[in-house]
Amino acid sequence: MGRTTLVTGIAELTTNAAGPGTRDGDPTGLVADAAVLLDGDRVAWAGPEREARDGVGHALGGRPPDATVDAGGRAALPGFVDPHTHLVFAGDRAGEFEARMAGTPYAAGGIRTTVAATRAASDDALRAGLARHVAQALAQGTTTIETKSGYGLTVEDEARAVRIAREVTDEVTFLGAHVVPPEAAGRADEYVDLVCGDMLAACAPHARWVDAFCETGAFTPDQTRRVLEAGAAAGLGVRVHASQLGPGDGVRLAVELDAASVDHCTYLAPADVEALAGSWDGAAGPGGAVEPGRAVGPGGAVGRGGAVGRGGAVGPVAGRRGTVATLLPGVEFSTRQPYPDARRLLDAGVVLALASDCNPGSSYTSSMPLCVALAVREMRMTVAEAVWAATAGGALALRRDDVGLLAPGARADLVLLDAPSRVHLAYRPGVPLVAAVWQSGVRVPPTPAP
Ligand SMILES: [Zn+2]
């Protein structure tokens, strides 16, 4: 048992779990006038404040909590889970962004600009940039973050990227198949051999996931399949970038290969939507199909004390769960592309996550509150759907049971908003509403250290 903190005075608590004070059928497990008890790095109890005396007494065996924090009528929710970023890079592409806003269309080839800058940077420069971005995300409530390699594209540079990424998060993805590097132009199949061979061997020990960019101008479906199958054979979980710039076979390939997530999903055929929805048939999952709370910790694949603990070893990705469609509205915002049709996906029963895709080319924001606002305003998701997708949905996209919810056994990742309800995340875009953040039970500064 660790240090215990009781947070009281929460006007509105999003738990994403069934528990005291929640309504049947509400996947966001909303509780009015709530309290949460944190015990070390775990949640020990959550529910209506009027039941806190009994709940806390039971959880602590009659002992009083070590500290009490009055939230003063603010809203609270689980820390955001951002399951898609590219944060190991150097330089920026402000000039490209400015030109794009003046009419030059986005193309995947711009990635090569960042590859050149990243290769030229020192380890310490990459480390400092990564730390700054992770701190900025944390200040905006992101307590779990995935990040990828993909700007090195040589064996040494990709291995360096995943090694540095692993210093800040367990959720590291090997993305050697981001784009064909300039020195391999016209020899994509040979480059894929390298990705599946020496590059994968050098990166797999530091990564939990393998990913590939299945898109015209990046990799074909056949090349994508080779990379993902090689990664899976090396023990990595599968995720895919697909259907960002146009339709293709990437989404169905992702489902076939049991990807945890397929990301972008802007241009989808009916068969893609069907495959995504069908991937959850008979799988342990959430959404309408899953009782909230069933996803909770102990006994789960990567739950309490599981393989993906803080500072612990990166474990294998758990068994089949269904493929999440991770939508990245910062990309459409920053490239003036059409937004994905979230309503079509939700109506078909597809499980959605939201992610920032923070990267210097197509979406240079790490703000999950901005993603929630865009999802509500531009993609017509309800506030409840968007907040769920930015927390519980992200956890599913990483096949994690221990984050994205506030229920006994979950990791103590809590965000307090300087607002009485979560609606304000969409209603007041651009306002710094994240008033306090606990990550693994530790209260973190609301602004990044200089
Ligand atoms: Zn991406």
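**Confidence of the predicted model.** The protein averages a pLDDT of 91, and 89% of the residues score at least 70; pLDDT is the predictor's confidence in each residue, from 0 to 100. This is a predicted model, in which local features need pLDDT of at least 70 and side-chain atom pairs count only at pLDDT 80 or more, whereas totals for chains, interfaces and linings use all residues. Residues are numbered from 1 along each chain as its sequence is written.

**An open sheet of seven strands.** The strands pair in parallel in the order β7-β8-β9-β10-β11-β12-β13. Strands (E, at least two residues) and helices (H or I, at least four) are DSSP runs numbered from the N terminus, and two strands pair if DSSP finds at least two bridges between them. β7 (147-148) and β13 (352-354) stand at the edges with a single partner strand each, so one side of each has no neighbour in the sheet.

**Pairing of β10 with β11.** These strands are parallel over four bridges, and His-241 stands opposite Asp-263 in β11. Helix α8 (residues 250-256) carries the chain from β10 to β11 in a right-handed β-α-β crossover, meaning that, with the strands pointing away from the viewer, the path from the first strand over the helix to the second runs clockwise.

**Pairing around β12.** β11 and β12 pair in the parallel sense over three bridges, with Ser-261 opposite Val-324 in β12. Strand β12 (residues 324-327) also pairs in the parallel sense with β13, over three bridges, and Thr-326 stands opposite Ala-353 in β13.
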